[in-house]
Amino acid sequence: MSHQQGSEIPQDQVPVPKSRWRVWAQRIVLGLLVFVILCFGALVILLNSPSFQNWAVSRTTAFLSEKLETTVTLGRIDLDIWQRLILEDLYIEDADGDTLLETRALKVGFESPLLTLLGGSLELNSITLEHADLFLRRDTSMDGNNLGVLINRLVPRDTGYRAPEIKDPVELSISLQELRLIDVTLVDWNQAKGNTLQLGVDDGLLSFYTVDPAQKTVRCRDILLDGLFVRVAERHGQITVEEYDRREQEKLVLPEYVDLDLYYLADSLYKPFRLTSDHIHITNGAFSFDAFRRSAQRRFRADQLDLDHMRVHAID
């Protein structure tokens with residue numbers, strides 16, 4: 001019987017054993033990748049855990065209360081970095097212990113994960129504000145209103161002048177589709193001048209094209225407001241109207257020498273807010289105006305026009 005010898009393997013097909021350093025490099029890279037994935041997963045689980053969120057509520061309210069030197073409470077926070085942020089029972093007092101902000105719920109829906117903030121963009125599907133009251137107040141002792149007082153405590157002003165260091169602004173792109181307002185009221189009480197403005201809406205929906213905080217412009221597709229009311233009242237204030245206007249004019253006077261970079265920076269900060277919309281639809285609206293400084297009560301019958309006391313109902 002003839003002996004059959006095996007065919008020889010070509011030299012170019014002979015397996016070459018991997019070098020030891022290459023094997024270890026692959027293992028290290030794979031280990032690091034698994035470690036990063038596990039850390040990220042643990043972070044997501046931690047952020048969504050009720051115990052962490054309760055701790056975050058406690059730490060946040062304690063920090064704000066100490067920094068603002070007033071009372072700040074928050075009932076509950078619900079954070080899902082992929083879908084939503086919900087703040088419930090938020091309450092803030094002003095420096096005098098009066099209510100500044102009180103809201104039952106603030107709900108923010110994310111169009112994309114919250115982690116996109118790291119890339120300088122924030123894509124929101126919707127913001128819903130439910131049962132909220134904001135009370136703004138100003139008197140002669142304030143340089144601004146009660147909200148400005150707390151902002152100055154949170155970000156103190158530098159009283160000493162120095163040439164500002166102009167830096168490139170941080171670009172933040174914000175995309176928002178809808179803003180929903182349910183039982184929201186704003187009161188702006190100027191005790192110094194004696195004027196009060198009250199705005200409120202039972203149910204409002206704003207649909208947006210663009211929201212540009214840097215340029216202070218908002219372009220809306222539709223604004224739907226049900227139960228909108230506007231109330232304006234003029235009473236005697238802490239000082240006369242003429243004295244109030246004179247003090248406000250003095251604040252606008254620039255010094256003889258002013259840093260132009262600082263001037264343009266201030267001009268951008270005080271740039272007026274601009275909102276435009278293709279359609280505005282108001283149902284069950286109401287408007288009232290009372291000039292109590294000139295007339296304490298109506299001087300004419302209900303079927304006669306009194307320019308000092310006006311009422312308009314059922315605006316559609």
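Q: Which residues of α2 are buried?
A: In this predicted model, the buried residues of α2 are Q53, A56, V57, T61 and L68.

Q: Which exposed residues sit on the face of α2 turned away from its buried side?
A: That face carries S51, W55, R59 and E66, which are exposed.

Q: How do you know that the end-to-end distance of helix α2 agrees with what its residues should span?
A: Helix α2 covers residues 50-68, which is 19 residues, and at 1.5 Å a residue these should span 27 Å. The expected span takes 1.5 Å times one less than the number of residues. The end C-alpha atoms are 27 Å apart, so the two values agree.

Q: What makes β1 and β2 a pair of strands, and in which sense do they run?
A: Two strands pair if there are at least two bridges between them. Strand β1 (residues 72-80) and strand β2 (residues 84-93) have 8 bridges, so by that cut-off they pair, and they do so in the antiparallel sense. The two strands form a hairpin, with 3 residues between them.

Q: Which residue in β2 is the bridge partner of R76?
A: The bridge partner is E88.

Q: Why is the contact between the side chains of E88 and R76 called a salt bridge?
A: The cut-off is a side-chain nitrogen of Lys or Arg within 4 Å of a carboxyl oxygen of Asp or Glu. For E88 and R76 the N to O distance is 3.0 Å, so the pair qualifies as a salt bridge. This pair links distant parts of the chain, with E88 in strand β2 and R76 in strand β1, 12 residues apart.

Q: Why are E88 and R76 called partly exposed?
A: Partly exposed lies between the two cut-offs, buried being under 20% and exposed over 50%. E88 has a relative accessible area of 24%, so it is partly exposed. R76 has a relative accessible area of 37%, so it is partly exposed too.

Q: How do you know that D78 and R84 form a salt bridge?
A: Their closest N and O atoms are 3.2 Å apart, and the cut-off is within 4 Å, so the pair counts.

Q: Is D78 buried or exposed, and what is R84 called?
A: At 13% relative accessibility D78 falls under 20%, so it counts as buried. R84, at 29% relative accessibility, counts as partly exposed.

Q: What joins R137 and D94?
A: Their side chains meet in a salt bridge, 3.2 Å from N to O. The pair links distant parts of the chain: R137 is in strand β4 (residues 121-138), whereas D94 is in the loop between β2 and β3 (99-110), 43 residues apart.

Q: Why are R137 and D94 called buried?
A: Buried means under 20% relative accessible area. R137 has 10%, so it is buried. D94 has 1%, so it is buried as well.

Q: Which residues are linked with R137 and D94 in a network of salt bridges?
A: D96, D98 and D139 are linked with R137 and D94 in that network. For the model, the count comes to 13 salt bridges.

Two further residues complete the tour.

Q: Why does S288 count as buried?
A: S288 has a relative accessibility of 12%, and the cut-off is under 20%, so it counts as buried. Its place is in strand β10 (residues 285-291). Leaving aside neighbours within four places in sequence, S288 is in contact with V230, R231, V232, M310 and R311.

Technical notes
Residues numbered from 1 in each chain as written. Predicted model: local features only at pLDDT ≥ 70, side-chain atom pairs only at ≥ 80, totals over all residues. Heavy atoms only, no water. Helix = DSSP H or I, 4+ residues; strand = E, 2+ residues; numbered from the N terminus. Buried < 20%, exposed > 50% of the residue type's maximum accessible area, 1.4 Å probe, protein only. Contact = heavy atoms within 4.5 Å.
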